[in-house]
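Please read the following note with the structure open beside it, and take the points in order.

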Amino acid sequence: LGPQLGEERRARLLAKLTSQGNAFMTQTLLMRDYWGGSVLQDHGWRAMFDFGTAAMHLWGIIPDADRWVAYVVPRIQRALDAAPTDGVLPGSSYYALQLYVHNVMWYRDAFLARTGQDIYDHPSLRRVPSFLGAVMNEDGTALLVSENGDRISLRGGGAFLNALASRFRDPDAIRATRGMLNMPESELNRGDSIAAYTGLLWGFFAYDPSTESVTLPTRPRRNLLWFKDSGLVHYRNDDEGVVLALRCGPWLGYNAQAKATGPCDMMECLVGAGHFAVLLSGQPMLVTPGPGYSIRSTSCSCMLVDGKGHIGDIGYPMSIPSQPYRGETVEDARWDETTGEGVIRLNLKPAYPPEAGVTNYTREFLIFPKGRIVCRDQVALSQPRTLSWLFQTKKEHGAGVSNGVARLGKGPVLQIAPHPAAGITLTAGMEPTKMVWSYTGSGTPLEHVRYDTQAPVSSATMEFVLSW
């Protein structure tokens, strides 16, 4: 907007920017927390940071920018205050690093230059590197439970991480940037090439050479971590090459549940409380199928009652706006350093509709060394029902069931062996997992191992021993 534009061109450009800024203000106020006006959901999150960046740069140049700044600064603060407090990448950004932080960095630089205040001090942003440190591999991939894939490539975010590395000398931020630089180019595809290449470019602009001299401490051993606000539990044993990951609680976490109450900030992209992912040697074996145009509990690793799943199990397309949180939760997650054993306990009763008659349902994961995790379900019902347990996998793994024991995989092999309580008999088999993929779905053929009680039961204690 300098004098080299000429007075006429500069005036036309300022008029156009004024018109566009006022149109954005009108649109976001009309939306009132819906889609583009939402607090955390991707459409509103990124758009608001971009608008904030423009407002900061045009403040003092365009008279209307005074009004824009007065609106957008507290509005962005509201979004930051509602974001996960534990640094977990939220489902509202599709668990994607570039969607969560790429637009944030422009606003941060502009706001810092104008006010001297750094939004990277906010816990929702400051703790992102520690979360990445828990789930990230040296090759720039992350292992977690996500509708976008349980093994995902971390694209973009280079400027965000380099700025944190420079200011705080954060070892997790430094490791993350180095990991993304080491990612093989052959893994890129059209869908994420923009984030990969532009992320590297913006990361270059924020690069601080002095961070190269930082001696990184030995990475702490990653065992069992509980990100309480987001309801994410992540178990990792690098010696055995195994990861167990699960989410249980409000879609975007407890903090967001209280502070972001618009319809698009309270969606469920999947039903299926109690679902979990297991990865061996970095390969997803028990998988998260992902979002689709027909959302069903039968696409998750969970329990069905008389063939039916959770509240909201109606085949709703893609997501369920204004889905109320039902109360399913992680009650405990503990790790014993001396024995190398852990336990995770979930309360899943609230996820089921009243007509299912579930009066108590606890799912526990008992973690033992040397290749064994026990998934234990304890269920009580108001009247006898047929119970079914599903374990989702990819068809390419060639899963099969013999004498009730399922085997998944051709390289690393995951085995599922049921141990029902006395008096309960199970049938076992393989079934295709029916999916109507959305535009973000992978289209990978899926199937699941299914165990059914042969007769209705009024209570059940079931153990499924996962071994490799």
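This is a predicted model: local features need pLDDT of at least 70, side-chain atom pairs count only at pLDDT 80 or more; totals for chains, interfaces and linings use all residues.

1. A compact globule of 468 residues would have a radius of gyration near 23 Å, and because the protein has 24 Å, the two values agree.

2. Of the 468 residues, 55% are buried, where buried means under 20% relative accessible area. The protein exposes about 19800 Å², and carbon and sulfur atoms supply 53% of that area.

3. Among the contacts in the protein with a separation of 6 or more, 68% are between residues 24 or more positions apart.

4. In what order do the strands of the open sheet lie? The 5 strands follow the order β3-β4-β5-β6-β7, and their pairing is antiparallel. Because β3 (224–227) and β7 (283–286) stand at the edges and each has a single partner strand, one side of each is left without a neighbour in the sheet. From one strand to the next, the twist averages 20 degrees.

5. Within this sheet, β4 (residues 232–237) and β5 (residues 242–247) pair in the antiparallel sense over 6 bridges, and Asn237 has Val242 in β5 as its bridge partner. Helix α6 (residues 128–135) packs on the sheet, where it touches β3 and β4, and the direction of α6 makes about 45 degrees with that of β4.

Conventions. Residues are numbered from 1 along each chain as its sequence is written. Side-chain values use heavy atoms; hydrogens and water are left out. Two strands pair if DSSP finds at least two bridges between them. Helices (H or I, at least four residues) and strands (E, at least two) are DSSP runs, numbered from the N terminus. Axes are lines fitted to C-alpha atoms, for helices over the stretch in contact, and angles run from 0 to 180 degrees between N-to-C directions. Contact means heavy atoms within 4.5 Å. The radius of gyration is taken over C-alpha atoms; the globule rule is 2.2 Å times the number of residues to the power 0.38. Buried means under 20% relative accessible area, exposed over 50%, partly exposed in between (1.4 Å probe, protein chains only). Accessible areas come from the Shrake-Rupley method with a 1.4 Å probe; for residues, only the protein chains shown count as cover.
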